Amino acid sequence: MHSTGTLRGIAAMLLACAFFACMDALLKSLAGHYPPVQVMALRGLTALPLVCLYIAWRREATGVFNRRTRWRLHLLRTVLNMTMLVLFVYGLKSLGLAEAYTLTFIAPLLMVLIAVPLLGESVQPRHWIAIGLGFIGVVIALRPEQGAFLSTGAVAILVAAICYALSNVLGRLISRTEPSAALVFWATAGMAVGGGLLSAPQWVPIQAGHAWVLAGLAISGFLGQLAIAEAFRHGQAAAIAPFEYSALAWGLLLDWLFWQATADVWTLGGGALIIASGLWLARSEAPKAAGKKRQAA
C-alpha cells in the first residue's frame, strides 16, 4: 500500500505547513523582542509539556525511552533543528514570511537528492517534474536580482533550509525503527534543554503581554511537529517534499494580515506555479492509491 501511505503523508504535510506557518508568524513577532537563541529555547520550552502529556495519553513512553533508541541520530537531528530555527528566526528579522518561505523552498529539492543515497529511495519522473516546476516557481516568485537574495538574512534562511532538509531525511531514517512520538519528544526536548543552556547567559525577561504568543507557539509548534513526523513516516520523501510549497500561500496571507505586506505579481505567479506542481503530483498519486485498494480488496 505504498501509494496509500504517500497520500496519507501528503495530507499530513499540508496540515504541518498550516500549523508551522502560524508558528512562524508568532516567531517573527517574538524576534523583535528576544535574541534568536532565546526564541528557539522558548519554542522548545513551551511545547515540551504538551509533548509529554501527549506521550502519556498515548502510553508511548516505552517507545520513546528504550534500548533501541538511536541516540547519535537523535543528537545530530537536534543540533540541525536548533541551528535551523536560530537561523530562521534571525532571517525573519529582515524578511517577510513569504520571502523567507520562498528561499526555504530549496529544501524539497535537497531532500530528494539526500534521500536517494541515504534512504535508498527511487525518484520517479513525475516527482522530478513536480519539484522542477516548483523550483522554477521559486525563482519567478523571488528573482535573483532582488536585494533580498544578497542579504545576511537571506543567507541565514538558505543555510536553515539545508539544515531542515537534512533533519527531515534523518527523521525518516529514524522512523524506520522508532515511533513518531520519539521523533517529536527528542526534537522538542533538545531545543528546550540545549536552547535554554545556550541562551541563559543573555536571557531577556519575558514580557507579560507575550503570554498568549507563547501559548500559540506551543500549540502550533506541537501540532506541526506531530503532522510532519507522520508525513515523513508514511510517505516517500520525493512525493511529499513538493507539498511544502503550500507554505507560501500561508506566508502571503499572514504577511498581509499582520504586517500589511502585499506580494507583487511575480511572487503571486511563482506561487501559483509552485502550488500547481504539488496539486498535479497529488492527482498523479491518487489513481495509483485507488488501484492498490482494489487489488487488496
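The largest cavity of this predicted model has a volume of about 540 Å³, a cavity being a set of points on a 1 Å grid over the protein atoms alone where a 1.4 Å probe fits but cannot get out. The volume is the space filled by probe spheres set on the points, which are joined across faces, edges and corners. In total, the structure holds 2 cavities of 30 Å³ or more. The largest cavity is lined by 32 residues, and Phe20, Met23, Met84, Tyr164 and Ile228 are the closest to its centre; lining residues have an atom within 4 Å of a point. At least two lining residues each come from α1 (2–31), α4 (71–92), α5 (97–104), α6, α8 (152–174), α9 (180–199) and α10 (211–234). The greatest contribution, 7 residues, is that of α1. Helices are DSSP runs (H or I, at least four residues), numbered from the N terminus.

Ala107, Pro108, Met111, Val112, Ala115 and Leu119 of α6 are buried (under 20% relative accessible area, with a 1.4 Å probe and protein chains only). Gly120, with a positive phi near 70°, follows α6.

Leu253 lies in helix α12 (residues 247–259). With a relative accessible area of 38%, Leu253 is partly exposed, a class between buried and exposed (over 50%).

Residues are numbered from 1 along each chain as its sequence is written. Local features need pLDDT of at least 70 and side-chain atom pairs pLDDT 80 or more, whereas totals for chains, interfaces and linings use all residues, and side-chain values use heavy atoms, without hydrogens and water.

Definitions and conventions:
On a 1 Å grid over the protein atoms alone, a cavity is a set of points where a 1.4 Å probe fits but cannot get out, and a pocket is an open set with protein on both sides within 12 Å along at least five of seven lines; lining residues have an atom within 4 Å of a point.
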